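Here are my notes for someone opening this entry for the first time. Have a look at the picture, then read on.

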Amino acid sequence: MHRALRYRLRLNPHQIRAMNGLLPRAGVGIDVGAHKGAYSCWMAWRVGPQGRVLAFEPQDRLAPRTAQSLRALGLRQVRLFHSAVSDRCGSAAIAVRRSSTHGASMEGIRGDAIDQQPVAIVSLDAVAAAERLPRVDFIKIDVEGHEMAVLRGASRILERFGPALLIELEARHHAGGDPTAAAMALLAPLGYRGYFFDRGGRRPIEGFSAAGHQRYGEGAYCNDFLFVRA
């Protein structure tokens, strides 16, 4: 509860406000990279008991604790999958830090004290089919550089349902390149418009520059992007 309120009131107020405006009551939300469940909580509170939230968290030391926390809050509309999300189903390895649960990535992590943890992987299209989802309204993605694989694995969802997308995109996870161009190349043909968030709120993605907006210690660091189908 404390973490969810911290996100809403301090860390990501504009992002959660935008999500609440796009995720309807009794809707379906998907949280890819649920971590400790802050976004899962807000999705669940928004859709209410008649809605559904599918949350995905691959880390062994996090998934059971997050599931327990969601149950303790009475959020029965949330189902947590102990798996990573990609463009296929099967198994792989995820890099995790021994000292922190932050930054785990299917793309690897630089530095010392890193473990490779076996993990089940699924695609969102496969899960949506297995769960017989009648709709998908909102997807949040925070996967430390593996975003395009997640999107490729959700191609049928994107084409059929056109959910709004909140994606963390950082050039530092893409060999210094700007991943927003790749995201727009995939999403624009489906009718999506892009936006980024700064301290003042939502801005058109055309005004974003990785060189100007993703420099640590120099102004606001902008790494959250909203994509909405017109």
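The points below go from the whole chain down to single strands and one glycine.

1. First, some ground rules. This is a predicted model, where local features need pLDDT of at least 70 and side-chain atom pairs count only at pLDDT 80 or more, while totals for chains, interfaces and linings use all residues. Residues are numbered from 1 along each chain as its sequence is written, and side-chain values use heavy atoms, with hydrogens and water left out.

2. Overall size: the C-alpha trace spans about 45 × 40 × 35 Å along its principal axes. The radius of gyration is 17 Å, which agrees with the value near 17 Å for a compact globule of 230 residues (taken over C-alpha atoms; the globule rule is 2.2 Å times the number of residues to the power 0.38).

3. For secondary structure, expect nine helices and eleven strands. Both are DSSP runs numbered from the N terminus: helices are H or I with at least four residues, strands are E with at least two.

4. How much of the protein is buried? Buried residues make up 52% of the 230, where buried means under 20% relative accessible area, exposed over 50%, and partly exposed in between (1.4 Å probe, protein chains only). The accessible surface comes to about 10900 Å², and 48% of it belongs to carbon and sulfur atoms; areas come from the Shrake-Rupley method with a 1.4 Å probe, and for residues only the protein chains shown count as cover.

5. Contact here means heavy atoms within 4.5 Å.

6. Now find β8, residues 164-168. Five of its five residues are buried, so the strand is largely enclosed by the rest of the structure. Ala 164, Leu 166 and Glu 168 point one way, Leu 165 and Ile 167 the other. Note that Glu 168 is among the buried ones.

7. What does β8 pair with? Strand β7 (138-141) pairs with β8 in the parallel sense over four bridges, with Phe 138 opposite Ala 164. Strand β11 (224-229) pairs with β8 in the antiparallel sense, also over four bridges, and there Leu 165 stands opposite Phe 227. Two strands count as paired if DSSP finds at least two bridges between them.

8. Elsewhere there is an open sheet of three strands in the order β4-β6-β5, with mixed pairing. Its edge strands are β4 (84-85) and β5 (90-97), each pairing on one side only. β5 and β6 (114-122) run antiparallel and are joined by eight bridges; Ala 93 faces Pro 118 of β6.

9. β9 and β10 make a hairpin with two residues between them. Four antiparallel bridges link β9 (192-198) to β10 (201-204), and Tyr 195 has Pro 204 as its bridge partner.

10. Last, Gly 194, which sits in β9. Is this glycine buried or exposed? Gly 194 counts as buried, at 1% relative accessibility. Not counting residues up to four places away in sequence, Gly 194 touches Met 184, Arg 203, Pro 204, Ile 205, Leu 226 and Phe 227. Pro 24, by contrast, is 170 residues from Gly 194 in sequence and 20 Å away in space, C-alpha to C-alpha.
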